[in-house]
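User: I'm new to this one. Can you walk me through it?
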Amino acid sequence: MNLFRIREGEKEGFINAEGEIVITPSFAYVFAFSEGLSQVQLRDPKELSIKEEGRNSAFINTEGEVVIPPGPPRESSPRSDDYAWSFHEFSEGLAQFWVNDATGFGGFMDTEGVCVIPSRFKSAGDFSEGLASASLEDVDADNAFEIGPPGFIDSSGDFVIGPNSRLRLTNSFSEGYCVVD
(Lines give C-alpha, C1' and ligand atoms only; values in the text may rest on other atoms or scores of the structure.)
Protein backbone atom coordinates (compact mmCIF):
# COMPACT_ATOMS: atom_id res chain seq x y z
CA MET A 1 0.00 0.00 0.00
CA ASN A 2 1.40 3.39 -1.00
CA LEU A 3 1.00 6.06 1.63
CA PHE A 4 1.73 9.72 1.08
CA ARG A 5 2.74 12.36 3.61
CA ILE A 6 0.29 15.14 4.38
CA ARG A 7 0.39 18.17 6.64
CA GLU A 8 -2.62 19.69 8.39
CA GLY A 9 -1.66 22.76 10.37
CA GLU A 10 1.40 21.84 12.43
CA LYS A 11 0.94 18.05 12.27
CA GLU A 12 1.73 15.37 9.69
CA GLY A 13 0.16 12.04 8.81
CA PHE A 14 -0.53 9.90 5.72
CA ILE A 15 -3.15 9.51 2.99
CA ASN A 16 -3.60 6.68 0.51
CA ALA A 17 -3.73 6.93 -3.32
CA GLU A 18 -7.47 7.70 -3.16
CA GLY A 19 -6.80 10.75 -0.97
CA GLU A 20 -8.29 9.17 2.15
CA ILE A 21 -6.62 9.90 5.46
CA VAL A 22 -5.12 6.60 6.66
CA ILE A 23 -3.03 7.96 9.54
CA THR A 24 -4.44 11.06 11.15
CA PRO A 25 -1.99 13.98 11.21
CA SER A 26 -0.79 13.85 14.81
CA PHE A 27 3.02 13.87 14.49
CA ALA A 28 5.42 16.81 14.24
CA TYR A 29 7.14 15.12 11.26
CA VAL A 30 6.78 11.83 9.41
CA PHE A 31 9.21 10.14 7.03
CA ALA A 32 8.61 7.77 4.12
CA PHE A 33 7.73 4.19 4.93
CA SER A 34 10.49 1.63 4.60
CA GLU A 35 9.79 -2.04 5.12
CA GLY A 36 6.39 -1.23 6.63
CA LEU A 37 7.70 1.31 9.18
CA SER A 38 7.92 5.09 9.22
CA GLN A 39 10.08 7.12 11.55
CA VAL A 40 8.08 9.91 13.18
CA GLN A 41 9.01 12.87 15.32
CA LEU A 42 6.53 13.10 18.18
CA ARG A 43 7.28 16.76 18.97
CA ASP A 44 8.85 19.54 16.93
CA PRO A 45 12.64 19.07 17.34
CA LYS A 46 13.16 22.86 17.22
CA GLU A 47 11.45 23.09 20.60
CA LEU A 48 13.63 20.44 22.26
CA SER A 49 17.12 20.22 23.71
CA ILE A 50 19.47 17.90 21.81
CA LYS A 51 19.03 15.24 24.51
CA GLU A 52 15.24 15.49 24.29
CA GLU A 53 15.41 15.45 20.50
CA GLY A 54 17.23 12.13 20.60
CA ARG A 55 14.33 10.62 22.53
CA ASN A 56 11.72 12.12 20.19
CA SER A 57 11.88 9.57 17.34
CA ALA A 58 9.54 6.60 17.20
CA PHE A 59 8.52 4.21 14.44
CA ILE A 60 4.91 3.56 13.40
CA ASN A 61 3.36 0.85 11.26
CA THR A 62 0.95 1.44 8.36
CA GLU A 63 -1.96 1.64 10.82
CA GLY A 64 -0.29 4.51 12.69
CA GLU A 65 0.53 2.44 15.79
CA VAL A 66 3.83 3.11 17.53
CA VAL A 67 5.73 -0.18 17.27
CA ILE A 68 9.17 1.12 18.29
CA PRO A 69 8.93 3.68 21.09
CA PRO A 70 11.25 6.68 21.50
CA GLY A 71 14.65 6.24 23.08
CA PRO A 72 17.60 4.00 22.47
CA PRO A 73 17.06 0.57 20.92
CA ARG A 74 16.27 -2.17 23.42
CA GLU A 75 19.26 -4.16 24.64
CA SER A 76 21.68 -1.45 23.50
CA SER A 77 23.10 -0.91 27.01
CA PRO A 78 23.13 2.89 26.93
CA ARG A 79 24.88 4.77 29.69
CA SER A 80 22.70 7.19 31.62
CA ASP A 81 24.12 10.13 29.65
CA ASP A 82 23.63 8.49 26.24
CA TYR A 83 20.80 9.36 23.94
CA ALA A 84 19.87 8.13 20.49
CA TRP A 85 20.86 10.92 18.13
CA SER A 86 19.29 9.66 14.94
CA PHE A 87 17.86 6.72 13.11
CA HIS A 88 17.96 5.79 9.42
CA GLU A 89 15.33 3.99 7.41
CA PHE A 90 15.18 0.21 7.37
CA SER A 91 17.06 -1.79 4.76
CA GLU A 92 17.00 -5.59 4.79
CA GLY A 93 15.32 -5.54 8.21
CA LEU A 94 17.95 -3.35 9.89
CA ALA A 95 18.18 0.39 10.57
CA GLN A 96 21.19 2.38 11.68
CA PHE A 97 21.02 4.26 14.95
CA TRP A 98 23.55 6.74 16.29
CA VAL A 99 24.26 7.25 19.96
CA ASN A 100 24.95 10.78 21.19
CA ASP A 101 25.88 13.16 18.39
CA ALA A 102 28.00 13.09 15.25
CA THR A 103 31.04 12.28 17.39
CA GLY A 104 29.29 9.18 18.73
CA PHE A 105 29.01 5.66 17.43
CA GLY A 106 26.47 3.84 15.29
CA GLY A 107 24.93 0.41 15.40
CA PHE A 108 21.90 -1.36 13.94
CA MET A 109 18.49 -2.34 15.28
CA ASP A 110 15.88 -4.72 13.90
CA THR A 111 12.22 -3.96 13.08
CA GLU A 112 11.27 -4.76 16.68
CA GLY A 113 13.55 -1.96 17.97
CA VAL A 114 16.12 -4.37 19.40
CA CYS A 115 19.82 -3.59 19.06
CA VAL A 116 21.29 -6.44 17.01
CA ILE A 117 24.65 -4.82 16.20
CA PRO A 118 26.10 -2.72 19.05
CA SER A 119 27.04 0.91 18.44
CA ARG A 120 30.75 0.70 17.69
CA PHE A 121 31.07 2.16 14.19
CA LYS A 122 32.21 5.70 13.36
CA SER A 123 30.35 5.53 10.05
CA ALA A 124 28.14 2.99 8.31
CA GLY A 125 26.00 2.46 5.24
CA ASP A 126 22.70 0.70 4.72
CA PHE A 127 22.53 -3.05 4.18
CA SER A 128 22.45 -4.26 0.59
CA GLU A 129 22.74 -7.91 -0.43
CA GLY A 130 23.42 -8.87 3.19
CA LEU A 131 26.33 -6.45 3.70
CA ALA A 132 26.81 -2.87 4.90
CA SER A 133 29.91 -0.72 4.66
CA ALA A 134 31.24 0.31 8.07
CA SER A 135 34.26 2.03 9.58
CA LEU A 136 35.73 1.94 13.04
CA GLU A 137 37.50 4.81 14.76
CA ASP A 138 41.08 5.32 13.55
CA VAL A 139 42.92 4.98 16.86
CA ASP A 140 46.28 5.85 15.27
CA ALA A 141 45.09 9.21 13.90
CA ASP A 142 46.06 12.56 15.40
CA ASN A 143 42.41 13.63 15.39
CA ALA A 144 40.39 11.74 18.02
CA PHE A 145 37.36 11.65 15.70
CA GLU A 146 39.16 10.31 12.63
CA ILE A 147 37.33 7.55 10.79
CA GLY A 148 39.28 4.46 9.78
CA PRO A 149 39.06 2.78 6.37
CA PRO A 150 35.76 1.06 5.59
CA GLY A 151 35.07 -2.61 5.27
CA PHE A 152 31.85 -4.61 4.97
CA ILE A 153 29.95 -6.19 7.84
CA ASP A 154 27.29 -8.88 7.81
CA SER A 155 24.02 -8.77 9.74
CA SER A 156 25.78 -9.96 12.90
CA GLY A 157 28.18 -6.99 12.79
CA ASP A 158 31.26 -9.03 11.87
CA PHE A 159 33.59 -7.77 9.15
CA VAL A 160 33.44 -10.18 6.22
CA ILE A 161 35.54 -7.83 4.08
CA GLY A 162 38.06 -6.19 6.36
CA PRO A 163 38.76 -2.45 6.46
CA ASN A 164 40.56 -1.39 3.30
CA SER A 165 41.54 2.12 2.16
CA ARG A 166 40.56 1.23 -1.43
CA LEU A 167 36.89 0.96 -0.46
CA ARG A 168 34.52 3.88 -0.13
CA LEU A 169 31.99 4.03 2.64
CA THR A 170 29.22 5.09 0.27
CA ASN A 171 29.58 2.00 -1.90
CA SER A 172 27.17 -0.86 -1.60
CA PHE A 173 26.85 -4.19 -3.31
CA SER A 174 24.66 -4.54 -6.38
CA GLU A 175 24.28 -7.85 -8.18
CA GLY A 176 27.20 -9.23 -6.20
CA TYR A 177 29.67 -6.44 -7.02
CA CYS A 178 30.99 -3.33 -5.31
CA VAL A 179 33.08 -0.51 -6.77
CA VAL A 180 36.57 -0.05 -5.31
CA ASP A 181 39.24 2.54 -6.14
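User: What does Arg 5 form a salt bridge with?
Analyst: Arg 5 pairs with Glu 12 in a salt bridge, and their closest N and O atoms are 3.4 Å apart. A salt bridge here is a side-chain nitrogen of Lys or Arg within 4 Å of a carboxyl oxygen of Asp or Glu. This is a predicted model: local features need pLDDT of at least 70, side-chain atom pairs count only at pLDDT 80 or more, and totals for chains, interfaces and linings use all residues. Residues are numbered from 1 along each chain as its sequence is written, and side-chain values use heavy atoms, with hydrogens and water left out.

User: Is Glu 12 buried or exposed?
Analyst: Glu 12 is buried, at 3% relative accessibility. Buried means under 20% relative accessible area, exposed over 50%, partly exposed in between (1.4 Å probe, protein chains only).

User: And Arg 5?
Analyst: Arg 5 is exposed, with a relative accessible area of 51%.

User: What about Arg 7?
Analyst: Arg 7 also forms a salt bridge with Glu 12, with the closest N and O atoms 3.2 Å apart. Arg 7 is partly exposed, at 39%. Salt bridges link Arg 5, Arg 7 and Glu 12 in a network.

User: How many salt bridges does the count come to?
Analyst: The count is 2 salt bridges.

User: Switching topic. How many helices and strands are in the protein chain?
Analyst: The protein chain has 1 helix and 15 strands. These are DSSP runs, numbered from the N terminus: helices are H or I with at least four residues, strands are E with at least two.

User: How much of the chain counts as buried?
Analyst: 43% of its 181 residues.
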